[in-house]
Amino acid sequence: MHLDHAVRSAEITPVTDDAFDQEVLAHPGLVLVDFWATWCPPCRMIAPVLAAIAAEHADCLTIRKLDVDQNPLTASKYRILSMPTLIVFQNGEPIRTLVGARPKTRLLSELQDILCHKNS
């Protein structure tokens with residue numbers, strides 16, 4: 001699986017407890033938040049998958065990452081117990097939660113009903 005180009009072209013911006021309301025909840029569109037930790041091997045596995053999706057769907061999906069160890073308030077508020085946990089927010093409301101790493105095809109399949117669709 002070659003994701004090197006996509007990884008370079010889509011850096012996922014970290015979000016903090018202090019900026020979460022502005023960066024995620026006040027965002028007018030879809031925001032996928034990757035709740036992760038530096039010590040979590042599955043979090044490292046899904047990072048290039050998320051970077052590729054961020055690059056391919058930049059027109060309709062914003063992806064942010066939140067380090068649960070550095071930002072315990074937000075992690076606690078959303079009851080994050082396992083990493084990675086992906087929560088999709090739309091207009092400030094969580095609309096989908098996915099727990100655990102997964103391949104790109106599976107993740108896209110699980111998000112297909114909410115992502116914008118491109119004519120291929």
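Leucine 32 has valine 88, in strand β4, as its bridge partner. This pair belongs to a predicted model, in which local features need pLDDT of at least 70, side-chain atom pairs count only at pLDDT 80 or more, and totals for chains, interfaces and linings use all residues. Residues are numbered from 1 along each chain as its sequence is written, and side-chain values use heavy atoms, with hydrogens and water left out.

**Confidence and overall composition**

The predictor's confidence in each residue is given as pLDDT, on a scale from 0 to 100. Its mean over the protein chain is 90, and 88% of the residues reach 70 or more. Helix α4 (residues 72-77) has the highest confidence, at a mean of 98, whereas helix α1 (residues 4-9) has the lowest, at 42. Over residues 1-9 the pLDDT stays under 50, and for this stretch the model has 10 contacts beyond four places in sequence; a contact means heavy atoms within 4.5 Å.

The chain comprises 5 helices and 5 strands. Both are DSSP runs numbered from the N terminus: helices are H or I with at least four residues, and strands are E with at least two. Read from the N terminus, the elements follow the order α-β-α-β-α-β-α-β-β-α. Of the 120 residues in the protein chain, 44% are buried; buried means under 20% relative accessible area, exposed means over 50%, and partly exposed lies in between (1.4 Å probe, protein chains only). Among contacts with a separation of 6 or more, 73% are between residues 24 or more positions apart.

**The sheet and its helices**

The 5 strands form an open sheet in the order β1-β3-β2-β4-β5, with mixed pairing. Its edge strands are β1 (13-14) and β5, each of which pairs on one side only. Helix α3 packs on this sheet and touches β2 (30-36), β3 (61-67) and β4; the direction of α3 makes about 155° with that of β3. Helix α5 (residues 104-111) also packs on the sheet, touching β2, β4 and β5, and its direction makes about 150° with that of β5. These angles run from 0 to 180 degrees between N-to-C directions, with axes taken as lines fitted to C-alpha atoms, for helices over the stretch in contact.

Two strands pair if DSSP finds at least two bridges between them. Strand β4 runs antiparallel to β2, to which 6 bridges join it. Strand β4 (residues 85-90) is also joined by 6 bridges to β5 (residues 93-99), again antiparallel. β4 is mostly covered, with 5 of its 6 residues buried. Bridge partners between β4 and β5 are listed below.

| Residue | Bridge partner in β5 |
|---|---|
| Threonine 85 | Valine 99 |
| Phenylalanine 89 | Proline 94 |
| Glutamine 90 | Glutamate 93 |

β4 and β5 form a hairpin with 2 residues between them.

The 16 residues of α3 should span 22 Å at 1.5 Å a residue, and the end C-alpha atoms are 24 Å apart, which agrees. The expected span is 1.5 Å times one less than the number of residues. α3 bends by about 30° at alanine 47, and proline 48 follows within four residues; the bend is the angle between axes fitted to the seven residues ending at a position and the seven starting there. Buried residues of α3 include Ile46, Val49, Leu50 and Ile53.

Cysteine 43 lies in α3 (residues 41-56). Cysteine 43 counts as buried because its relative accessible area is 4%. Leaving aside residues up to four places away in sequence, cysteine 43 touches Trp36, Ala37, Met83 and Pro84. Its C-alpha atom is separated by 8.1 Å from that of glycine 100, which is 57 residues apart along the chain.

**Backbone exceptions**

Most residues other than glycine have a negative phi, and most peptide bonds are trans. Methionine 83 and proline 84, however, are joined by a cis peptide bond with omega of about -5°. Proline 84 is in the loop between α4 and β4, and arginine 79 lies in the loop between α4 and β4 as well. Arginine 79 has a positive phi of about 55° although it is not a glycine, and it counts as exposed because its relative accessibility is 69%. In the loop between β4 and β5, asparagine 91 has a positive phi of about 50° although it is not a glycine. Asparagine 91 is exposed, with a relative accessible area of 51%.
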